[in-house]
Amino acid sequence: MGKRVRLRGIEPGDAIAFQRFAEDEERLGDLLNPPRSSESYRLQAEQQASVKPDSDRFQLAVEAVDTGEIVGGVGSHHADPRSGWFEYGVTIGAEHRRRGYAAEAAVLLLRFMFAEHRYHKCQVRIFAHNEASLALHRRLGFVEEGRLRELAFLAGRHRDVVMMGMLADEFAQLHSMTT
């Protein structure tokens with residue numbers, strides 16, 4: 001738990017919030033999927049709530065400490081324990097952005113993966129047009145490692161994806177490895 005957010009498992013009742021977050025990402029141009037029913041979000045949240053824990057790949061709810069409201073999600077999507085790297089993602093609902101929730105949630109997840117699971121490197125993929133996410137990751141200490149030109153097709157056009165990375169020792173220099 002941090003000062004602003006607490007990371008917790010996803011509960012079946014979180015479906016409505018995650019549906020809003022997906023709609024927010026579509027408005028940003030970071031996600032474009034066929035329309036989904038509320039039932040499909042309910043089933044997805046129910047499945048996440050009952051999934052057997054995998055300590056290296058997981059999805060968590062980001063909850064505001066002061067209100068108990070779910071404000072976003074964070075998770076490790078890919079992990080290669082043998083090579084020592086993982087990828088993660090974070091999303092915060094539109095009405096909760098610019099309050100430090102994303103940064104704190106990311107630091108909590110990174111601390112867990114680097115300090116507790118001894119991963120060496122974290123990677124993140126960010127659409128080049130998402131300036132807010134690029135700026136956040138630079139502030140966190142991520143370094144741009146490359147650009148995958150026109151990798152994704154969204155909203156009728158091809159988009160570049162920026163690859164950013166951070167090593168465990170770089171994280172430790174900027175952020176505490178303990179809570």
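This is a predicted model: local features need pLDDT of at least 70, side-chain atom pairs count only at pLDDT 80 or more; totals for chains, interfaces and linings use all residues.

Trainee: Why is Ser 76 called buried?

Mentor: Buried means under 20% relative accessible area. Ser 76 has 2%, so the term applies. Ser 76 is found in strand 3, and among the residues that it touches are Asp 56, Phe 86 and Tyr 88.

Trainee: What makes the approach of Asp 56 to the side chain of Ser 76 a polar contact?

Mentor: The backbone oxygen of Asp 56 lies 2.7 Å from a polar atom of that side chain.

Trainee: Why is the pair of Phe 58 and Phe 112 called edge-to-face?

Mentor: The planes stand at 80°, and over 60 degrees counts as edge-to-face. The centres are 5.9 Å apart, where the limit for a pair is 6.5 Å. Phe 58 lies in strand 2 and Phe 112 in helix 3, so the pair ties together parts 54 residues apart in sequence.

Trainee: Are these two residues buried or partly exposed?

Mentor: Phe 58 is buried, at 16%, whereas Phe 112, at 33%, counts as partly exposed.

Trainee: What makes the pair of Tyr 88 and Phe 142 stacked?

Mentor: The angle between the planes is 25°, and under 30 degrees counts as stacked. Tyr 88 is buried, at 3%, and Phe 142 is buried, at 4%. Both are listed among the residues with the most contacts inside the largest nonpolar core, which has 34 residues.

How values were computed
Residues are numbered from 1 along each chain as its sequence is written. Side-chain values use heavy atoms; hydrogens and water are left out. A nonpolar core is a set of buried Ala, Val, Leu, Ile, Met, Phe, Trp, Tyr and Cys residues joined through side-chain atoms within 4.5 Å. Buried means under 20% relative accessible area, exposed over 50%, partly exposed in between (1.4 Å probe, protein chains only). Helices (H or I, at least four residues) and strands (E, at least two) are DSSP runs, numbered from the N terminus. A polar contact is a pair of N or O atoms within 3.5 Å; within protein, one must be able to donate a hydrogen and the other to accept it, and residues adjacent in sequence count only if both atoms are side-chain atoms. Contact means heavy atoms within 4.5 Å. Rings of Phe, Tyr and Trp (its six-membered ring) pair if their centres lie within 6.5 Å; planes under 30 degrees apart count as stacked, over 60 as edge-to-face and the rest as tilted. Lists of a residue's contacts leave out its neighbours within four places in sequence.
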